[in-house]
Structures are given as C-alpha cells and as structure tokens.
Amino acid sequence: MARPSGKKPTAAEKAQAREVSLRRIGSLFTTHRVSLGIVVLIIVVSSIVAMASPFLLRAVIDDALPHADVRLLVWLVIGMVAVAAVTAALGVVQTWISTAVGQKVMHRLRVDVFTHLQRQSIGFFTRTRTGEVQSRITNDIGGMEAVVTSTATSIASNLTTAVATAVAMAALSWQLTLVSVIVLPPAIYLSRRVAQMRREITAQRQRELADLNVTIEEGLSISGVQLAKTMGTAPALIERFTGSSTRLIDLELRSELAGRWRMASMSIVFAAIPAVIYLAAGLPFTRGTMSIGTLVAFTALQAGLFRPLMGLLNVGVQLTSSLALFARIFEYLDLTVDIQEPASPRKIKDPGGHLRFEDVTFAYPGADQAAIAGVSLDVPAGTSLALVGETGSGKSTLAALIARLYDPTAGRITIDGVDLRDLALADLTAIVGVVSQETYLLHTSVRENLRYARPDATDEQIEAAARAAQIHDRIAALPDGYDTQVGSRGHRFSGGEKQRIAIARTLLRDPRILVLDEATSALDNETERAVQRAFDELARGRTTVTIAHRLSTIRDADQIVVVDHGRVLETGTHDALVGAGGRYAALAG
Ligand SMILES: Nc1ncnc2c1ncn2[C@@H]1O[C@H](COP(=O)(O)OP(=O)(O)OP(=O)(O)O)[C@@H](O)[C@H]1O
Ligand SMILES: [Mg+2]
C-alpha cells in the first residue's frame with residue numbers, strides 16, 4: 001500500500017483511490033463471505049415469508065368472515081401469527097450474525113490502525129494532534145461499525161422487501177399498483193431534500209465535536225493544565241471551549257430538528273398514500289374490479305413498499321458518510337512507515353557495541369535546514385563519548401538517530417559494522433538503551449513502570465536496578481513503596497527522581513550501547529550527584545553516549561565532542577580540549 005514518500009498524490013490519483021476504496025472495503029469482508037451469505041439468505045427468506053400475510057388477510061376478509069368459516073379462520077389466524085413469529089426469529093438470528101461480522105471487521109481495523117500507527121516515526125506524532133488519533137480510532141471506527149452493519153443489512157432487507165412487495169401488489173391489483181407508483185416521485189424528492197440538510201449538519205457537528213475533544217485533551221491533561229495555569233491561558237481555553245460548546249448547541253438543535261422534519265415528512269407521506277388508494281379504488285375505472293379484502297390487503301402492503309424504498313434512499317446518505325469514515329481510516333493505514341523493518345535483517349552475534357557515525361546528515365521532515373550535517377564519530381566498544389554544545393545544536397537529534405527514531409538523510413550509522421537500517425528493530429532496541437531528556441512514566445505503579453522495560457524481571461531484579469540507579473531508598477520511603485502510583489506521566493516525582501527511575505528502567509534492559517540525554521532543567525547538586533552515580537553504575541562496561549549540560553559530569557569521558565549547528569566542532573579528551581584553547585576550553589573555563 002506504500003506510496004512513494006515525499007510525493008503528493010495528484011487529483012487523478014485521489015479519484016482513483018476513492019474508486020479503489022469500495023473494492024477495499026469489500027475486501028475487509030471477504031473472510032466473512034459465508035456469514036454474509038447466510039445473512040442475505042435469511043433476509044430473502046423472511047421477506048418472502050412476510051409476503052404471505054396480506055394474502056392471509058385477504059382470505060380472512062373475503063372468505064372466512066363472510067362465510068362464517070371458523071375452521072378456515074382459525075387456520076388463517078394461526079398462519080398470520082406463524083408468519084410474524086418466523087420473521088421475528090429470523091430477524092434475531094440475522095442481527096446476531098451481522099453484528100458479529102461488523103464487530104470482527106471493526107476489531108481488525110482498530111488493531112491494524114493501532115499497530116500501524118505504532119510503527120510510525122516520531123515525526124508523525126509531532127505533526128498530529130493527540131485528540132485526532134484517539135478520535136479516529138474510537139469514534140470513526142465505532143461509527144463505521146454501526147453504519148456497516150446497519151447499512152449493509154438494510155440494503156439487503158429493503159431491497160428484497162421492496163421487490164417482494166411490488167410483486168405481491170401487482171398480483172393483487174395492477175391498477176392500484178400504478179396509482180401507488182405515481183405518488184412515489186414527490187415523496188422521494190421530499191425525503192431527499194431533508195436528508196441532504198441533515199447530512200450537512202452532521203458533518204459540521206462531527207468537526208465541532210473533534211475540536212471539542214482536542215480542547216479537552218489540551219486543556220485537561222496534566223501537562224496542558226500546568227501550561228494553562230502557568231501561562232494564565234485558562235480563561236482563553238475556557239473561552240475556546242465555551243465557543244465550541246455553544247456552537248454545538250445550535251448544531252445539535254438543528255440536527256435534531258432536521259431529524260424531526262424527516263419524520264414529519266414521512267408521516268405525511270404515509271398518511272397520504274392509503275388515502276389516495278381508497279380514492280382510486282372508488283374511481284370509475286377501478287370500481288368493482290376488486291374485493292374489499294384485496295383493497296385492505298393492498299393498503300397493508302403498500303406501506304411495506306414505501307418504507308423500504310425510503311430506507312434505500314437513506315442508505316445512499318449513510319453510505320457516503322461511511323465512505324468518508326473509511327477514507328479517514330484508510331488514510332492512516334496508508335501512511336508510509338518511514339522507519340522500515342529491513343527485508344532481510346542482519347544479526348550481530350554477541351554485540352560489542354562499537355558505534356560509528358559515517359558522514360551523517362539529517363534534516364527533520366519538512367525542515368529546510370539540516371539539523372545534523374556531515375557528522376562522523378567513532379566510539380569503540382566499551383568507551384564513553386560526551387556530547388556538549390549549545391541548546392539547539394543537535395545533540396538530542398544525534399541521540400534520536402542512534403535509537404533509529406529517524407533515519408539519516410545521508411551517510412550511515414553502524415553498530416559493530418552493521419548499518420542500523422539492516423538490523424531488525426527488535427535487535428536494535430535490545431542493543432541500544434536510551435534515557436531521554438524528558439522521561440515518560442506510565443500511569444501505573446512504580447514497579448510496573450520498571451517492569452515495562454523487561455516484563456519477565458523478578459521483583460529482586462527490579463529492586464537491584466533501582467538500587468543501582470540510586471532511587472531505591474526514595475521508592476521504599478513512598479507510602480506504598482514499589483506499588484505507589486506514579487501519577488499521570490510521573491508528575492508525582494521530581495525531574496531528578498524521574499530520570500533515576502528511567503535509568504533503573506534502562507538498567508533492566510541491560511543494553512550494550514547506552515544513550516543518556518541529561519535533563520536540561522538544573523538539578524540541585526545532591527540530586528545531580530545521585531543521577532551521576534546512577535549513570536556511572538549504568539555505564540560500567542558499556543558503550544555510552546552522554547549528552548551533558550553540566551561539564552562537571554563528563555571530565556572522565558574517553559572522548560568529548562563539541563557540537564555546533566549540527567556539526568562536530570572539536571573532539572578530544574578533557575585535557576586535550578582544554579589545552580587546545582577552543583570552544584570547549586571557553587565553556588570549561
Ligand atoms: N521534531 C523536530 N522537528 C523539526 N525540527 C526539530 C525537531 N526536533 C528538533 N528540531 C530542531 O533541530 C535542531 C536540533 O535540536 P536538538 O533537540 O537536537 O537540540 P539539542 O542540542 O538537544 O538542544 P538542547 O540542549 O536544548 O536539548 C533545533 O534547531 C531544533 O529546533
Ligand atoms: Mg536536547
């Protein structure tokens with residue numbers, strides 16, 4: 001499904017994509033062919049069975065009642081009840097099967113979208129609003145299921161009912177059938193107009209709801225609240241929320257009214273049609289051609305013609321809106337995966353952790369300036385490299401490249417001589433461990449946060465890792481120890497504590513190459529020393545890349561690299577660089 005990346009589809013391609021999508025929607029259901037076949041069969045059978053009742057009614061009125069034939073009457077009544085019972089039972093079975101199919105298809109789509117989005121690079125998530133992704137996975141796919149199940153079955157049942165009814169009507173009286181057909185066009189016109197109105201309102205309402213969700217996400221998530229409180233933007237947020245909510249009042253009202261109008265127009269049509277038929281039955285050209293029983297049976301039937309026909313007209317509308325939902329979902333499924341799993345991955349037997357950057361250049365997608373330009377680094381296995389440089393110089397970007405959160409635009413990065421792009425992603429994550437600048441903790445217990453790194457870790461191993469990371473005592477002092485909830489995104493902990501928990505988490509993974517992006521926020525001296533000790537513990541025997549904001553922490557590094565505007569400015573040991581009297585000497589001085 002991958003489109004060549006970086007190329008916008010032309011209008012023709014888009015139109016083509018729209019056509020293909022019908023086939024594609026169909027393909028979602030191919031595995032459920034048998035179930036769907038059974039559903040169609042049930043629908044056809046029950047429509048045909050239902051056709052018996054007007055004929056039974058005619059027999060009651062024309063034969064059984066006038067001749068006081070009780071035996072016939074009893075049989076006819078039993079027949080009427082049986083028809084109702086059989087169609088009702090078939091309806092239950094049909095709903096059961098079709099809902100099960102709809103749910104299975106929805107489940108698959110939901111899982112596919114989730115899985116596919118997980119494989120997206122960080123770039124996708126920086127571009128996309130959180131609420132947007134959530135809304136597509138929950139609302140759109142949910143809405144789709146309803147539409148798919150109800151639309152598909154209502155097409156089938158309305159179609160068969162309409163055809164069966166038309167045939168039965170013609171069999172009863174072709175003259176009256178003709179009259180009924182004449183009433184059709186104005187009824188259709190009326191219903192279409194109202195439906196169109198409704199569709200526009202619904203689309204608007206959907207957009208407004210999505211907006212509301214984003215405001216909730218941005219305004220009521222912990223980071224959002226913090227931002228709003230500290231920036232004093234709470235009133236603006238409230239205003240925005242109030243605005244959205246106010247517009248929703250109007251939209252909901254109009255949507256509700258449009259629905260009511262539809263009902264009103266339908267009930268007028270339903271009242272008018274039998275009236276017209278009674279009139280027609282009394283006109284000279286039909287008079288005397290039919291029995292009272294036929295007339296009653298006919299009026300009973302024609303209601304069964306208009307309802308499904310109107311239903312079929314609505315299906316068009318439902319289909320268009322469900323196509324839009326499918327299009328939104330497929331758009332996500334068709335996103336190219338920038339970070340591709342290699343077709344034939346190479347294995348590193350017994351990884352040593354020799355890291356090399358070979359003339360690496362990288363620009364963020366959409367950025368016109370390269371964040372990293374022609375960087376070459378050589379970090380022999382088991383040695384340490386420290387990156388220093390001004391804010392925005394590209395240090396975190398280098399770290400992200402090592403973890404293959406992005407691929408270089410040019411050049412290559414190797415571990416033990418193997419290009420990162422040739423390593424299976426699972427192997428790469430086993431070799432490279434990252435403690436990032438902003439630590440993310442899950443909203444669960446401390447223990448589960450640590451175990452996230454290694455699901456099979458024992459409690460002893462978790463505690464050992466926490467001890468090594470200098471955070472065990474702090475955790476043990478918490479009210480529930482390791483079972484304490486960390487709070488949304490770890491807001492319960494200080495920056496230094498969070499970073500030490502993150503270090504413990506990475507320790508559990510036991511990676512060969514370790515990347516530590518120091519928190520930019522100043523830690524107090526004691527915390528800083530604790531983090532440093534934790535990190536030294538973690539670094540022992542591994543290849544390490546440290547991004548240092550405090551030069552005190554990197555004196556002993558085997559190599560220090562000064563990064564400036566995405567380039568390597570100088571390289572050397574602390575003593576050599578100080579001796580050289582360049583940028584580092586100025587920073588250290
Ligand atoms: N996701 C992104 N998309 C586009 N540009 C980005 C992105 N992330 C960072 N940049 C840009 O790339 C450059 C390098 O950023 P980077 O985060 O690597 O800096 P840094 O050296 O880690 O800074 P700091 O010391 O403040 O952490 C900056 O100019 C930044 O604006
Ligand atoms: Mg950074």
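Predicted model: local features only at pLDDT ≥ 70, side-chain atom pairs only at ≥ 80, totals over all residues.

Student: Is Asp510 buried, exposed or partly exposed, and why?

Tutor: The test counts C-beta atoms around the residue's own: 20 or more within 10 Å make it buried, 12 or fewer make it exposed, and a count in between makes it partly exposed. Asp510 has 15 other C-beta atoms within 10 Å, so Asp510 is partly exposed.

Student: What should I look for in the backbone at this point?

Tutor: Look at phi. Most residues other than glycine have a negative phi. Asp510 is not a glycine, yet its phi is positive, near 55°.

Student: Which residue in the loop between β9 and β10 also deserves a look?

Tutor: His565 is found in that loop. Its phi is positive, about 50°, although His565 is not a glycine. His565 has 15 other C-beta atoms within 10 Å and is therefore partly exposed.

Student: How do the strands on either side of His565 relate to each other?

Tutor: β9 and β10 form a hairpin, with two residues between them and His565 in the turn. The two strands run antiparallel and are joined by five bridges. One of the pairs is Val562 with Glu570 in β10.

Student: Is strand β9 (residues 559-564) mostly covered or mostly open?

Tutor: Mostly covered: five of the six residues of β9 are buried. β9 also pairs with strand β3 (residues 384-389), in the parallel sense, over five bridges. There, Gly389 has Val563 of β9 as its bridge partner.

Student: How do I place these strands in a whole sheet?

Tutor: Follow the pairings from strand to strand until they stop. Here they give an open sheet of six strands in the order β6-β7-β8-β3-β9-β10, with mixed pairing. β6 (432-435) and β10 are the edge strands, each pairing on one side only. Within this sheet, neighbouring strands are turned by 20° against each other on average, direction ignored. Between β3 and strand β8 (residues 543-547) there are four bridges in the parallel sense, and Leu385 has Val545 in β8 as its bridge partner.

Student: Which helices lie across strands of this sheet?

Tutor: Among them is α16, which lies across β6 and β7 and runs at about 170° to β6. Another is α11, which lies across β3, β6, β7, β8 and β9, at about 150° to β8.

Student: What is the order of the strands in the four-stranded sheet?

Tutor: The order is β2-β1-β4-β5; the sheet is open and its pairing antiparallel. Its edge strands are β2 (372-379) and β5 (418-419), each of which pairs on one side only. α11 packs on this sheet too, touching β1 (355-362), β2 and β4, and its direction makes about 120° with that of β1. β5 is joined to strand β4 (residues 410-415) by two antiparallel bridges, and Thr414 stands opposite Asp419 in β5.

Student: How many residues surround ligand 1, and which are closest?

Tutor: A ligand is read through its shell of nearby residues. There are 14 around ligand 1, the closest being Tyr364, Thr391, Lys395, Ser396 and Thr397. Helix α11 (residues 395-402) supplies the largest share of the shell, three residues. By type, the shell holds three nonpolar residues, 10 polar and one charged.

Student: And how is the protein chain divided into domains?

Tutor: The domain assignment gives domain 1 (13-171 + 304-338), domain 2 (174-289) and domain 3 (355-588). The centres of domain 2 and domain 3, taken over C-alpha atoms, are 55 Å apart.

Notes
Residues numbered from 1 in each chain as written. Chains lettered and ligands numbered in written order. Near = placed C-beta within 6 Å. Nonpolar A, V, L, I, M, F, W, Y, C, P; charged D, E, K, R; others polar. Pairing = 2+ DSSP bridges. Domains from an automatic or database assignment. Contact = placed C-beta atoms within 7 Å. Axes fitted to C-alpha atoms, helices over the stretch in contact; angles between N-to-C directions.
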